[in-house]
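Please read the points below with the model open beside you.

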Amino acid sequence: MTFRNLRRKALNNVMLSITGIFALMTVSSLFLILAYLVYNGGRSIDLDFFTELPKSTGEVGGGMANAILGSAEIVGFAALIGLPIGFFTGVYLAEWGGATFSFLVRYMADLLNGVPSVVIGICTWTIVVRPMHTASGIAGGIALSLMLIPIMAKNTEQFLREVPRTLREGALALGAARWQTIATVVVPAARKGIMTGAILGIARIAGESAPLLFTSLNNQFWSNPFHEPTASLPVMIYTHAIAPFDDWHRQAWAAGLVLLVLVLAANIAARWIMSRGHAAVRG
Amino acid sequence: MASAAATTPIPGKSGVSSLSRRLRSGDEVAWLIVILFALSVLLITAVLVAELWVGSAAARHKFGFGFITSRVWNPVTDEYGAWPFLYGTVVTSVIALVISVPIGVGAAVFLSELAGGRLSDALTFLVELLAAVPSVIYGLMAIFTIVPAMRMYIGPGLKAAFGFLPIFQGPVYGVGYLTASLVLSIMIFPYIISVSREALLAVPREQREAALAVGATKWETTWQIVIPYARLGIIGSVFLAFSRALGETMAVTMVIGNDMTVHTSLLASGNTIAAVLANEFNEAIGAIHPAALIELGLVLFFLTLIINGMARLLILVTTGKGAHHG
Amino acid sequence: MTVQPPVAAPAIVPPAAKLRAKGVNFYYGSFKALHDISLEFPANQVTALIGPSGCGKSTFLRSLNRISETVSGTRIEGEITLDGEDVLKMDVTSLRRRVGMVFQRPNPFPKTIFENVAYGIRVNGLAKRSEVADVVEKSLRGAALWDEVRDKLNTSALALSGGQQQRLCIARGLAVGPEVLLLDEPCSALDPIATAKIEDLLVALRSQCTIVIVTHNMQQAARVADHTGFFLLGRLIEHDRTDVIFRNPSKKETEDYITGRFG
C-alpha cells in the first residue's frame with residue numbers, strides 16, 4: 001500500500017474513533033449527573049425529607065414536604081389548564097383548520113413554544129400576580145400551563161394526523177358525524193401518542209423553576225396555593241443550592257435526586273408506552 | 001331530514017330521529033369548542049407580546065435605542081442599559097456552541113454512520129434524556145463540580161498556557177462566562193445530536209455507496225459526501241441549540257457570577273439577560289426599574305424568535321428535501 | 001422471442017480469468033442467500049448475470065467489490081480472487097478502486113458534473129491537480145457523454161436527464177481506472193433510447209476493462225454479453241458463452257427461464 005493510502009486509512013481510523021469517543025462523552029454525562037445525585041442526594045433521603053417542613057436557616061434537619069406538595073399542586077393547576085387547551089387546539093389543527101387561520105394558530109403556538117421560560121414568568125407576573133397583589137401557586141400553575149399548551153397542541157396534532165384516513169372514512173361511511181368520528185375513532189386511535197406527549201409535557205414543566213420565581217415564589221411553610229406563595233421543588237433546589245449552608249446543600253441534592261428520578265421515570269415510561277403501542281399495531 | 005324520519009318509523013323510538021338530528025349539528029358545537037380553544041392560543045400569545053411591549057414602555061420611552069448599547073445599570077439613578085447582558089448572553093451561548101457543535105456533530109456521526117440500529121436508538125434515547133434534566137439540576141451540578149474545577153484546574157491551566165490572550169486574564173473565581181458556557185454546552189448536546197443524527201440518517205444510502213464504490217474510505221465518504229448533503233439539517237440543529245442557550249436561565253444564573261459590567265476575560269464573572277431577570281425582577285421597584293427589566297425580556301424574546309425561526313426554516317427545508325429525494 | 005446471436009467458431013481459447021469466484025456462500029444473518037457459487041469472469045469481456053427477481057445475482061455482484069459489507073450482519077464465505085489476489089483479504093478501498101460499480105438508479109453527488117467525475121481521482125490521489133481536468137475529459141469521453149456536457153461541466157449534475165446521469169456515474173467509475181466494472185441493472189430506470197446508448201457503451205468499454213452486468217432483461221444480456229450466468233434461488237445453475245446459454249442450455253431450469261416459462 002502506498003504511503004498516501006496508509007495515511008488515509010490511519011485518518012479514517014482516528015476520526016471514526018474520535019466520533020465514538022464524543023458519543024461516549026455525551027452519553028456518560030447523563031450517567032455522571034445521575035451518579036452525583038444518587039451519591040450526594042441519596043444520603044439525605046429519608047422519611048423526614050418527605051414529611052418535614054424546612055427548618056429555619058442554620059438549623060440542621062427538616063425536609064421539603066411542602067415543596068413536594070406545592071409542586072404537585074402547581075403542576076396540577078398547569079395540567080388542568082394546559083392539557084385541555086393544548087389538546088383541543090391540536091384537535092382543531094389536525095381535523096379542521098382552514099388554511100390561514102390554522103397557519104396562524106400553528107405559528108403562534110410555535111412562537112409560544114420558543115419563548116424563554118423566564119419571559120413567560122415575567123408576563124404571568126404582569127397578568128396574574130400584579131392584579132392579585134400576591135404571589136400564588138395558581139399563578140405558577142398558569143405560567144407553567146403557558147409552556148404546556150404548545151407542547152400538547154403540537155403533539156396532539158402530530159399523532160392525530162398519523163391516524164390513517166381510511167379509519168375516518170370507515171366511520172363516516174357508517175353515518176357517524178364528524179365530531180363522533182373524531183371522539184370515538186380518531187382520538188382513541190391516537191391515544192398512546194397523545195398520552196405520552198402529555199406525560200412528557202408535564203415532566204418538562206415539573207422541572208421548570210424560572211417561571212415560578214416570579215409567580216409562586218417560595219415558602220418555608222405549608223401554604224394555600226390560591227393566594228399565598230407556594231413552595232416547589234425546583235425553586236427550593238435553587239435557593240438551597242446558592243445558599244451558604246452545608247445542610248441546605250445536602251437538602252438541595254436530595255431534592256434534586258427526587259426531581260430527577262420523577263422526570264426520568266416519566267420519560268422512560270412515556271418511551272415504554274410508545275414502543276408497546278407500535279408493537280401492538282404491527283401485530 | 002324530517003321526511004326521512006317520517007318514512008322510517010321505529011316502534012317505540014320516535015324520539016331517536018330528533019335526537020340524531022341534534023347530534024348531527026353537534027358538529028357545529030364541536031367546531032365551536034375547538035375554535036375557541038385555538039383562538040385562546042392566539043389570544044394568549046398576543047397578550048404575552050402586548051404585556052412585554054406595554055410593560056417596557058416606560059423604559060423604552062426613556063432610553064430609546066440607546067438601551068441596547070448602554071453599559072450602565074444603576075437602580076439608584078434609574079439608568080439602565082442592556083449591553084452587559086446582551087454581551088454575556090451572546091458570548092456564553094456562542095462559546096457553548098463552539099464547544100458542543102464539534103462534539104455533538106461528531107457524536108451524531110457515530111450514531112448514524114457507525115452504530116448499528118438498536119445501539120444507535122438506545123444511545124440516542126439516553127442522549128435525549130439529557131434534554132429532560134431540569135435546568136436547576138444542571139445548575140446544582142455545576143456549582144459543585146464545574147465551578148471548583150474551573151477555580152482550581154481549568155482556569156489556572158488556561159491562564160498558564162494562554163495567559164497572553166486577554167480572554168484568559170484576570171482573577172479566577174470559578175464562576176464566570178466560561179463556566180456558564182461549559183454548563184450550557186452540556187445542556188445543548190441533545191438538541192444538536194438528535195437533529196443532526198436525523199439529518200445524517202436522511203442522506204440516501206446510494207450516496208454513500210457511490211463514494212465507497214470509487215474507493216473512498218468511510219471517513220472520507222462521511223466528511224466529503226454525507227455531512228455536506230445533510231448540512232442544512234445540521235445547521236438547523238445549531239440554530240435550535242443556539243436559541244435554547246440564549247434563553248437558558250437557572251443553570252446560568254447559578255454559575256455566571258452576576259456581575260453587572262462587561263469583561264473581556266472569559267474567566268471573569270458576567271451576566272446574561274435571563275440571569276439578571278431572575279435575580280432582580282422580584283426586588284425591582286419604582287416605575288423604571290421593572291420596565292427596564294421587562295424591556296430586557298422583550299429583547300430576549302425577539303432574539304430567540306429570530307433564531308428559532310431560522311432554525312425551523314432550515315429543518316423544514318431538509319425534511320422537505322429528504323421527502324423529495326425519497 | 002429470444003435474439004439468436006451467430007454461433008461462434010469451435011475450439012476458441014478462452015481468455016484468461018480476471019475475476020474468479022470459487023465456492024462462494026453469502027449470508028444475511030442466518031439466511032443463506034448464495035450457495036456455492038463458482039464462476040470466472042474472463043478479462044476484457046462482458047459477462048451478464050441473469051435470473052428472476054430475488055435469485056441472488058445482485059447479492060453476488062455486490063460481494064465482488066464488498067459493498068455488501070455496508071449492510072451489517074452479512075458474511076461472505078469462499079474464495080474470490082482478482083488476478084489471483086484474495087479479494088476478501090485485500091484492503092477494501094484499494095479493491096474498490098480496481099473494481100468499480102455503477103448502481104441501479106443513477107446516484108450522482110449533488111455537485112457539478114466536473115466534481116462528480118473528479119471525486120474518485122481526488123480522493124485516491126490519482127492525478128496531479130493540473131492533470132485532473134484531462135482525466136475528467138477522458139472519462140467523460142469513455143462514457144460517451146463528453147459532447148453533451150463539455151460546455152456545462154460546472155453545472156449541477158442533477159440537472160442532467162436520467163440516462164445522462166447514469167452515463168455520468170459510469171464516467172465517475174471509469175475515472176479511477178478500474179480493471180473491472182460492475183453494473184447492477186444499470187438501465188432498469190432508463191428509457192429505451194438511453195438504454196441503447198449505454199449498451200453500446202458497455203460493448204465498447206471491453207477494451208478498457210472487464211465488465212460484469214446484472215440484468216433482468218434477457219434480450220439485453222443477449223445483445224451485450226459475451227458470457228452469461230443464470231442464477232436461480234441463490235444458486236448458479238449454469239454459465240457459458242451467451243450464444244450457448246440462449247441456443248443450447250444444458251439445464252432445464254435455464255431453458256424454462258429463457259423461454260419465458262417463468263421469470
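1. In this predicted model, 22 residues of chain C are in contact with 15 residues of chain B. Two residues are in contact if their C-beta atoms, placed from the backbone, lie within 7 Å. On the chain C side, helix H2 (92–98), strand E6 (99–102), helix H3 (113–124) and helix H6 (162–174) each supply at least two of the touching residues. Helices (H or I, at least four residues) and strands (E, at least two) are DSSP runs, numbered from the N terminus. Sorted by class, this side of chain C has eight nonpolar, 10 polar and four charged residues. Here Ala, Val, Leu, Ile, Met, Phe, Trp, Tyr, Cys and Pro count as nonpolar, Asp, Glu, Lys and Arg as charged, and the others, Gly among them, as polar.

2. A word on conventions. Residues are numbered from 1 along each chain as its sequence is written, while chains are lettered from A and ligands numbered from 1 in the order in which they are written. As the model is predicted, local features need pLDDT of at least 70 and side-chain atom pairs count only at pLDDT 80 or more, whereas totals for chains, interfaces and linings use all residues.

3. Chain B also touches chain A: 69 residues of chain B are in contact with 67 residues of chain A. Which helix gives the largest share of the chain B side? That is helix H3 of chain B (residues 26–55), with 19 residues. By class, the side of chain B that touches chain A has 48 nonpolar, 15 polar and six charged residues.

4. Chain B is divided into domain 1 (2–55) and domain 2 (64–325), with bounds that come from an automatic or database domain assignment. The C-alpha centres of these two domains of chain B lie 45 Å apart. Elsewhere in chain B, helix H8 (residues 135–144) is mostly covered, with nine of its 10 residues buried. A residue is buried if 20 or more other C-beta atoms lie within 10 Å of its own, exposed if 12 or fewer, and partly exposed in between, with C-beta atoms placed from the backbone. Among the buried residues of H8(B) are B:Ser135, B:Tyr138 and B:Met141.

5. Chain A has 12 helices and zero strands. A compact globule of 283 residues would have a radius of gyration near 19 Å, but chain A has 24 Å. The radius is taken over C-alpha atoms, and the globule rule is 2.2 Å times the number of residues to the power 0.38. The C-alpha atoms of chain A fill a box of roughly 75 × 70 × 35 Å, taken along the principal axes. Buried residues make up 50% of the 283 residues in chain A.

6. Chain C comes to 10 helices and 10 strands. For its 263 residues the rule gives a radius of gyration near 18 Å, and chain C has 18 Å, which agrees with a compact globule. Its C-alpha atoms fill a box of roughly 55 × 40 × 35 Å along the principal axes. In chain C, 47% of the 263 residues are buried. Among its contacts between residues at least 6 apart in sequence, 70% join residues at least 24 apart.

7. How many residues of strand E7 (residues 180–184) of chain C are buried? The count is five of five. In a regular strand the side chains alternate between the two faces of the sheet. Both faces of E7(C) are covered: C:Val180, C:Leu182 and C:Asp184 are buried on one side, C:Leu181 and C:Leu183 on the other.

8. E7(C) pairs in the parallel sense with E6(C) over four bridges, and C:Leu183 is the bridge partner of C:Val102. Two strands pair if DSSP finds at least two bridges between them. E7(C) also pairs in the parallel sense with strand E8 (residues 210–214) of chain C, over five bridges. There C:Asp184 stands opposite C:Val214. From E7(C) the chain crosses through helix H7 (residues 192–205) of chain C to E8(C), a right-handed β-α-β crossover. Right-handed means that, with the strands pointing away from the viewer, the path from the first strand over the helix to the second runs clockwise.

9. C:Ala189 lies in the loop between E7 and H7 of chain C. Why is C:Ala189 classed as partly exposed? Because 16 other C-beta atoms lie within 10 Å of C:Ala189. Leaving aside neighbours within four places in sequence, C:Ala189 is in contact with C:Gln104, C:Arg105 and C:Gly162.
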